[in-house]
Protein chains: 2
Amino acid sequence: MSDQFEASETSAAPEGDSEDYALSRKAVAAILYAVEIEDQAALTELMEPLHPADIADLLEQISEFDRTRLIRLYDREFDGEILSELDESIREEVIAILTPQVLSDAVREMDSDDVVDLIEDLEGEQQETILEALGDADRVAVEQALTYPEYSAGRLMQREVVMAPEHWNVGQAIDHLRATSEEDLPDQFYHIVMVDPRLHPVGNITLGKLMRSKRETLLKDILEETFEIIPATRDEGDVAYAFNQYHLISAPVVDEEGRLIGVITIDDAMAVLDEEHEEDILRLAGVGEGSLSDRVSETTKQRLPWLAVNLLTAIAASMVISQFEAAIAQIVALAVLMPIVASMGGNAGTQSLTVAVRAIATRDLTGSNVWRVIRRECLVGLINGLIFALVMGLVGLVWFGSSALGYVIAAAMVINMVVAGLAGTGIPIVLERIGIDPALASGAFVTTVTDVVGFFAFLGLAAVVLL
Amino acid sequence: MSDQFEASETSAAPEGDSEDYALSRKAVAAILYAVEIEDQAALTELMEPLHPADIADLLEQISEFDRTRLIRLYDREFDGEILSELDESIREEVIAILTPQVLSDAVREMDSDDVVDLIEDLEGEQQETILEALGDADRVAVEQALTYPEYSAGRLMQREVVMAPEHWNVGQAIDHLRATSEEDLPDQFYHIVMVDPRLHPVGNITLGKLMRSKRETLLKDILEETFEIIPATRDEGDVAYAFNQYHLISAPVVDEEGRLIGVITIDDAMAVLDEEHEEDILRLAGVGEGSLSDRVSETTKQRLPWLAVNLLTAIAASMVISQFEAAIAQIVALAVLMPIVASMGGNAGTQSLTVAVRAIATRDLTGSNVWRVIRRECLVGLINGLIFALVMGLVGLVWFGSSALGYVIAAAMVINMVVAGLAGTGIPIVLERIGIDPALASGAFVTTVTDVVGFFAFLGLAAVVLL
């Protein structure tokens, strides 16, 4: 028995380069087999080498039925970190499966900022259960963090901070650190924050420099060069941007009076950066949110509004076409060729809009260069438009034997691709200015423009020139 | 004079929430004015509060003409960190502007891993110039790093590592740290790496824990729980994934024999994560690479191949349409309605494919859940297909007064949206299996499928039912 599982366990190790960190199929199969035969010892042994983040991934990847059985069998081994790594879509479900005892043990192990992240999206009842499981100090900390707006620095920060007054020297700081009890210190910390008498942060000292300096060196003489202070109400996306832009490792968080109330560390900022990117990608594709562990009904609901918008867009384009029914009835080739013009415009528009949306997100598209960028995109559209106009003109000529048709499709192509560059850049910029997330809404607008302009230019020119 | 500039300088500070970290338009204008009137003192004063990363952004946002003048005027103030923050698209240009003296001063200030990042994409001649500017030790380090494959851990790591043998206690480690000269230590470090006698890394000790422990405590008793060893040849994307998944702060890098040769820190991993996301987004949109500071000719060239692929796709769809010219000639309404079916399929396909491509990138879509995911996407396609079939059936009926036309478009809609779910999930998975980047190529395949199936199902059914 145990031999069989050990053999499977080694297969959980990396197998090939591309699969390096993915859970191996064999490991998952062995775990599910242990669940099937209800062998708790084997399950525990198989799960032992897995990091909580990997266990969370495993739970997300298996079916709801297997998930329930696995969690029940795993029972007391279930650890708080697994909860914080779980995708939101199945958190409620998993919490509902855990016995009250396992849940409260798991929650009590967690850092207060992880508890905040865990409960902010839960229903009232589950929130209560978890808050009650916490010790008094932690509960107060969590409740206080929840008073900050969602997605703000205040919710992201940890409250335990190591600070030192401006007049201290290295020796005093080290002695203070050694005298502080374990539970008043953050789990992981990289800097000591120097504060003035009003608790305003004035600088960071890295632990490395602290250790290597003489005891009598003043702290103010070994401050780090780069130092960013983050207001508690700042949006977490802006926080992640600052960490990435200025290579911060940790940064002090302050309240409205500028007093130090917490610290954000780079690992949390990295997680936010990752989430924001994920959101941008999904929004650009018209998938609001969504993960693989969502239920079918939820996924259907999430995607429906985007498809509905697209339907309106498509109907608008069809109305343009219907204006030219007479022309199409006479020259059916128009119906055959018209999707090409619209499709090329849509593609070129998507290219421009994606670059623009990214540039806005990374603060690379600003008031200083907006006109230069728009001009550039139109120029790129013009050049590519001319190239493909030539190609399509020849295709039209060869396929349908009409040079006039060739000229018409060539002209429509150029027009639509310049418009695509203009709309693809202009629309995200305008949306951003009026406070709408350009990643969310640009796509629908841009394709509407390129479809309508594409069909109108091609069919309109054809009606004028060919009839 | 100086008053005027001070007034402008304060406006470089945050103005509103959304602009928090962006360069303000006024600050850029003041800087360009100083360049215009060639006031070096004012320029230096205006640039002084800016972080090198912000200066790099500024250089990316202004025109080539202004960039050249600014760099010439800024002259000796130009610092190595600006170079490492610059977008690749203008690095060569900027390096060519710098005087040899400024360039060699700038390069000599940089960490060796930043120099590697800087020169790996440069032309041979500029590479030589920079290598010659380096000191002997740095040059050897850089040349050695360049022997590792591009985008590998070996190029990402810094070579300075603080290590300690297994038998040491805390006191010995601290004394060793204090005795090591500044230049043999990394600029920033967070862990001491414990190694066995063959230099294989066996664990990490955080500086925080080291400082707080008694001098006689053995290092092996205060090792961190999470510890990942990274082979030098591992892809940087996998490295970034590991940092994000396991919340690593730093990780040791080893050669083929498993010997410690360097360390990767989380800030480098975060930069890689950011780049990889950027790449994914741009690839999904059919923009290979590309940034706003690319020239028009380059951007045109980058986008051309994608548009060419799209043209082939569109022509394939047109060929399907041309099979049904007779039907369209009889019922022009078909030409009006057919883009709707194709467009809805394309949209639903893009939704599925984006979720699949992301899930593959984040290792959430694996052998264990692939069939469940495909089934789910098809089911979502079926449900949304039925909903929009109903809507479009009614639209068809009302608009063209034909219930048969309504049935045909409804049926085609259901077929195409199920196919979209299948193709949107299946194609990225197959591409990944055969070693093609799914972000790069899925879009073209999926829209080809949804266009062809959409037109064929709609026009084919129409030809059978309505004629």
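Predicted model: local features only at pLDDT ≥ 70, side-chain atom pairs only at ≥ 80, totals over all residues.

Student: What makes the pair of F324(B) and F456(B) edge-to-face?
Tutor: Two values are needed. The ring centres are 5.9 Å apart, and rings pair if their centres lie within 6.5 Å. The planes stand at 70°, and an angle over 60 degrees counts as edge-to-face. The pair of F324(B) and F456(B) is therefore edge-to-face. It also links distant parts of the chain, 132 residues apart. F324(B) is in the loop between α17 (296-322) and α18 (325-330) of chain B, while F456(B) is in helix α22 (residues 438-466) of chain B.

Student: How many aromatic pairs are there over all chains?
Tutor: The search of the whole structure finds 5. One of them is formed by Y190(A) and Y190(B), with ring centres 5.8 Å apart and planes at 80°.

Student: Are Y190(A) and Y190(B) buried or exposed?
Tutor: Buried. The relative accessibility is 7% for Y190(A) and 6% for Y190(B), and the limit for buried is under 20%.

Student: Which label does C378(A) get, and which does C378(B) get?
Tutor: C378(A) has a relative accessible area of 17%, and C378(B) has 16%. Buried means under 20%, so C378(A) is buried and C378(B) is buried.

Student: How many disulfides are there over all chains?
Tutor: The count comes to 0. The rule asks for a pair of cysteine sulfur atoms within 2.5 Å.

Student: Why does R376(A) count as buried?
Tutor: Its relative accessibility is 7%, and the limit is under 20%, so R376(A) counts as buried. R376(A) lies in helix α20 (residues 370-400) of chain A. Its C-alpha atom is separated by 8.5 Å from that of G421(A), 45 residues apart along the chain.

Student: What makes helix α9 of chain B mostly covered?
Tutor: 6 of its 8 residues are buried. They are S112(B), D113(B), V115(B), V116(B), L118(B) and I119(B).

Student: Why does E38(A) count as exposed?
Tutor: Its relative accessibility is 62%, and exposed means over 50%, so E38(A) counts as exposed. E38(A) lies in the loop between α2 (25-36) and α3 (40-47) of chain A. It has a positive phi of about 55° although it is not a glycine.

Student: Why does D75(B) count as partly exposed?
Tutor: Its relative accessibility is 23%. Under 20% would be buried and over 50% exposed, so D75(B), in between, counts as partly exposed. D75(B) lies in the loop between α5 (64-74) and α6 (80-85) of chain B. It has a positive phi of about 50° although it is not a glycine.

Student: Why do β1 and β3 of chain A stand at the edges?
Tutor: The 3 strands form an open sheet in the order β1-β2-β3, with mixed pairing. β1 (163-165) and β3 (201-206) each have a single partner strand, so one side of each is left without a neighbour in the sheet. The twist averages 30° from one strand to the next.

Student: In which sense do β2 and β3(A) pair?
Tutor: Strand β2 (residues 191-195) of chain A and β3(A) pair in the antiparallel sense over 5 bridges. Two strands pair if there are at least two bridges between them. M194(A) stands opposite G203(A) in β3(A).

Student: Which residues of chain A does UniProt list for "domain: CBS"?
Tutor: The unreviewed UniProt entry lists residues 223-279. In the model that span is 44% helix and 23% strand.

How values were computed
Residues numbered from 1 in each chain as written. Chains lettered and ligands numbered in written order. Heavy atoms only, no water. Helix = DSSP H or I, 4+ residues; strand = E, 2+ residues; numbered from the N terminus. Axes fitted to C-alpha atoms, helices over the stretch in contact; angles between N-to-C directions. Buried < 20%, exposed > 50% of the residue type's maximum accessible area, 1.4 Å probe, protein only. UniProt positions renumbered as here; feature names shortened; annotations may be inferred. Phe/Tyr/Trp six-rings, centres within 6.5 Å; stacked < 30°, edge-to-face > 60°.
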